[in-house]
Amino acid sequence: MKTNARKYISLLLALCMVMSLLPAAALAAGADDDHGEHSDWTALTSTSGTFQGGNYYLNSEVTASGEIRISGDLTLCLNGHTLNLAGTTLCVDSGSFTLCDCGSGGKITGGNNLPGVVVYGGTFIMNGGTITGNGGGVGVAGGSFIMNGGSITGNTATGTATMTASGGVLVYNGGSFTMTGGEITNNQCLVSNIIGDSGNDFAGGVRVSSTLIGGSFTVSGDAVISGNTAANGSANNVNLANGQKIKIGGSLSSGAEIGVTMASAGVFTTGGGESCRQYFFSDSDSYVVVPSGNELALGQLAEHPEYA
């Protein structure tokens with residue numbers, strides 16, 4: 001009996017050690033993406049107006065009947081279905097909005113000339129699902145956006161307002177964007193100039209703007225931002241306004257891939273980017289990513305051929 005007890009204790013300790021090694025984001029995403037039969041959740045059948053909070057899921061395709069606003073702590077599981085915004089948008093005013101998908105292929109679409117989700121305050125947490133087919137993916141005009149998983153893909157920004165200056169994610173007006181995982185790919189911005197911003201006032205992927213006190217972007221994990229384009233078809237992934245940088249919030253891991261465009265070439269990271277050089281690339285073939293002290297910079301290829 002003592003021998004069996006020792007075996008069970010050893011197995012338990014080993015299991016605890018393995019669990020402790022899992023990233024917190026992975027554990028959180030796993031918890032949010034598996035809701036069983038949604039027995040204690042509310043099925044979302046028609047949508048418009050302000051939601052104060054709660055746990056909702058889709059059990060069929062749903063079309064919004066008007067603008068959706070969130071002002072409390074709310075979780076939406078797409079459950080493999082589609083939320084069609086029908087030309088409106090989903091606004092986060094306060095509290096927290098968590099998006100996940102315990103099915104396969106769940107998406108938010110139909111924003112037309114508007115981003116799929118706009119964050120004015122509070123926090124938007126994306127653990128799963130896809131935001132696609134909108135006039136931009138996510139606009140962060142205050143508050144914060146945390147992307148742990150899922151994808152923002154196939155959005156096209158066509159408007160002329162600041163909110164539609166990025167096909168993927170726009171961060172401005174004091175908003176913050178933290179990306180630990182997921183993918184922002186194959187988005188496009190057809191806008192060539194936004195009044196009030198500084199330098200290359202658009203982005204195919206992520207625009208870190210200087211408009212209205214600007215925004216911030218922090219990255220870690222296996223984040224992917226690639227394959228996004230500007231109006232002329234050129235690569236345009238993370239586009240930094242003058243004075244803006246990418247903050248390294250932790251180690252980047254295998255699979256991470258992030259393209260960079262700058263209004264003026266120079267240092268583009270803060271927080272120790274030099275150790276992560278292999279995960280970044282220049283959107284322009286005329287530049288390469290080079291170390292600059294403990295950070296990373298874009299340097300002319302002609303001056304740094306060793307980094308080609």
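**Sheet, core and aromatic pairs**

An open sheet is formed by ten strands with parallel pairing, in the order β1-β3-β5-β8-β11-β14-β18-β22-β25-β27; strands are DSSP runs (E, at least two residues) numbered from the N terminus, and two strands pair if DSSP finds at least two bridges between them. The edge strands, β1 (42-43) and β27 (269-270), each pair on one side only. Strand β1 runs parallel to β3 (residues 54-57) and is joined to β3 by two bridges, with Y57 of β3 as the bridge partner of A43.

The model is predicted, with local features requiring pLDDT of at least 70 and side-chain atom pairs pLDDT 80 or more, whereas totals for chains, interfaces and linings use all residues. Residues are numbered from 1 along each chain as its sequence is written, and side-chain values use heavy atoms, without hydrogens and water.

The largest nonpolar core holds 55 residues, of which F124 and F280 touch the most other members. Such a core is a set of buried Ala, Val, Leu, Ile, Met, Phe, Trp, Tyr and Cys residues joined through side-chain atoms within 4.5 Å, where buried means under 20% relative accessible area (1.4 Å probe, protein chains only). Strand β4 (residues 62-70) gives the most to this core, with four residues. Beyond four places in sequence, the contacts of F124 (heavy atoms within 4.5 Å) include V92, F97, L99 and I146.

F124 also belongs to one aromatic cluster with F97, F145, F177 and F217. Six aromatic pairs are present, with ring centres within 6.5 Å. The F51 and Y56 rings are edge-to-face (planes over 60 degrees apart), because their planes lie at 90 degrees, with centres 5.5 Å apart. F51 is buried at 15% relative accessibility, as is Y56 at 17%.

Methods
Buried means under 20% relative accessible area, exposed over 50%, partly exposed in between (1.4 Å probe, protein chains only). Rings of Phe, Tyr and Trp (its six-membered ring) pair if their centres lie within 6.5 Å; planes under 30 degrees apart count as stacked, over 60 as edge-to-face and the rest as tilted.
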